[in-house]
Amino acid sequence: MSKTTSQDEIHMTAPELIEAHGYVAETHQICTQDDYYLTVHRVLSSRDRVPSSVPLNADTIANADATVINKSSEDLNSSISSDYHRILETLGCTIPSSKLPVILNHGILSSSADWVLLGPQKALPYLLCDDGFDVWLMNARGNTYSKSHKHYSIKDRKFWNFSWHEIGYYDLPATIDYILEKTGHSKLYYVGHSQGSTVFYVMGSERPEYNSKIKGMISLAPAVFLGNQRSPIFKLTTSIYSVLEWGSYICNINQFLSRNKWQNRILRTFVSNAPGTVTKGFCYCWFFLIAGFGSDQLDKSMLPLIFEHSPAGSSVKQLFHFNQIIKSGSFQKFDYGTRVNPTFYGSVQAPKYILERVNVPVAIFYSDSDFLNHHSDIQTLVDSLPNVIQTEKIEKFNHIDYLWGRDAKTILYNSVMSMLKKF
């Protein structure tokens, strides 16, 4: 393997990054019950490389992912080509693994790539892989790697008619079933960051039969009860939520911060060449107003790499759903209003998720320096779940440090790996 530089990694897809870091990357395609195509990236050690009729090399995998990225960012094409589907189906022919699988699921506006940006011996997927786990990185519908539907184009409003409820109800169960079938196991572990935790609790509440398929779940900075969140950005958007919702409908704006090569190039150039004080100010505006102050964990040299992969896009409806639970202070389904709710729910009010149904063993990690988490909201979550076996506060971590903190391994990841072995 030739040595790559940080400049080389800026232009790589998630599978290319994994291969460049010395691991095996597999790309799998999953079709959900409501016909969305999801891309899941698997991380294996070099010892686990399996011969296939199609070589599992970086070029093959990159070509497959490039189909999604190029079509979505250049011409906003609607669906993945049939050739891409066949490539993914071939790449997915792995023998069952004796290693227990673990799913890592990202937050809103994120993707599988964000988990691996820290690199070998630092990023959580690699640490888990080295520790004997079979690692699978999810990509929720609507992000960079999962922008295809059997019938709809991403230009269609119907494609984007989902919130994180549908990710929890359809995407996560489909991914779990696929991984268990591929690996031959009956249970797996789950790690969710932010929205990655949100969707798990949706699944556990709405489809409780899946609780029996989870050996243990770890919530990193869970975005569940958010009534006391302190992000100025979310406070603003929540206060003008009705105006934003009306404007998005009138202007036919259905996706938010979708990955665009020109946008990423501008951001990358800016953070690479701007004076330090300007870059620092930009970081405060973009990251810290959302994620929280009081942390020095973000390495400035990582910013060009981060902005090449993030934001990875979401539906506008996902953001609106978060605005709703911030405003209500409860964890509930999407509120369509008193006139429409009876059609969906048979009641005027949007129903709350029944967290008592989520009987999976759960460990929760949070930080008071994270603007999106507040200790009282975390306590509400703990009190609502029947099987929380550990709650741990991380000192001086903001919301993005869970992914990109320079000391994340010693501060957090070692504890995560220890907890997985206790389940």
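Colleague: In which loop does R141 lie?

Modeller: R141 belongs to the loop between β4 (134-137) and β5 (148-149). Helices (H or I, at least four residues) and strands (E, at least two) are DSSP runs, numbered from the N terminus. Please note that this is a predicted model, in which local features need pLDDT of at least 70 and side-chain atom pairs count only at pLDDT 80 or more, while totals for chains, interfaces and linings use all residues. Residues are numbered from 1 along each chain as its sequence is written, and side-chain values use heavy atoms, with hydrogens and water left out.

Colleague: Is R141 buried or exposed?

Modeller: Buried means under 20% relative accessible area, exposed over 50%, and partly exposed in between (1.4 Å probe, protein chains only). R141 counts as buried because its relative accessibility is 1%. For the protein of 423 residues, 58% count as buried.

Colleague: Which side chains form polar contacts with that of R141?

Modeller: A polar contact is a pair of N or O atoms within 3.5 Å; within protein, one must be able to donate a hydrogen and the other to accept it, and residues adjacent in sequence count only if both atoms are side-chain atoms. The side chain of R141 has such a contact of 2.8 Å with the side chain of D34, and one of 2.6 Å with that of D171.

Colleague: What else is R141 in contact with?

Modeller: Contact means heavy atoms within 4.5 Å. Leaving aside neighbours within four places in sequence, the residues in contact with R141 include T32, Y36, F162, E166, Y170 and Q318. As for the protein, residues 24 or more positions apart account for 78% of the contacts with a separation of 6 or more.

Colleague: Let us turn to helix packing. At what angle do α6 and α13 pack?

Modeller: Axes are lines fitted to C-alpha atoms, for helices over the stretch in contact, and angles run from 0 to 180 degrees between N-to-C directions. Helix α6 (residues 164-183) packs with α13 at about 110 degrees, and their axes are 8 Å apart. This makes α6 roughly perpendicular to α13. Angles under 35 degrees count as roughly parallel, over 145 as roughly antiparallel, 65 to 115 as roughly perpendicular and the rest as oblique.

Colleague: Which residues make the contact of α6 with α13?

Modeller: W164, H165 and I167 of α6 meet Q318, H321, F322 and I325 of α13.

Colleague: How do α9 and α13 cross?

Modeller: The axes of helix α9 (residues 241-250) and helix α13 (residues 316-328) come within 11 Å and cross at roughly 165 degrees. The two helices are therefore roughly antiparallel. On the α9 side, Y241, L244, E245 and S248 meet V316, F320, N323 and Q324 in α13. This contact has 4 nonpolar, 3 polar and 1 charged residues.

Colleague: Are S194 and K396 buried or exposed?

Modeller: S194 is buried, with a relative accessible area of 6%, whereas K396 counts as exposed at 59% relative accessibility.

Colleague: Which peptide bond is cis?

Modeller: The bond from S310 to P311 is cis, with omega near 5 degrees. P311 is found in the loop between α12 (303-309) and β9 (314-315).

Colleague: What does L109 touch?

Modeller: Not counting residues up to four places away in sequence, L109 touches F256, L257, S310, P311, A312, G313 and S314. L109 itself is in the loop between β3 (101-105) and α5 (124-130), and is buried with a relative accessible area of 15%. The C-alpha atoms of L109 and S315 are separated by 9.0 Å, although these residues are 206 residues apart along the chain.

Definitions and conventions
Ala, Val, Leu, Ile, Met, Phe, Trp, Tyr, Cys and Pro count as nonpolar, Asp, Glu, Lys and Arg as charged, and the others, Gly among them, as polar.
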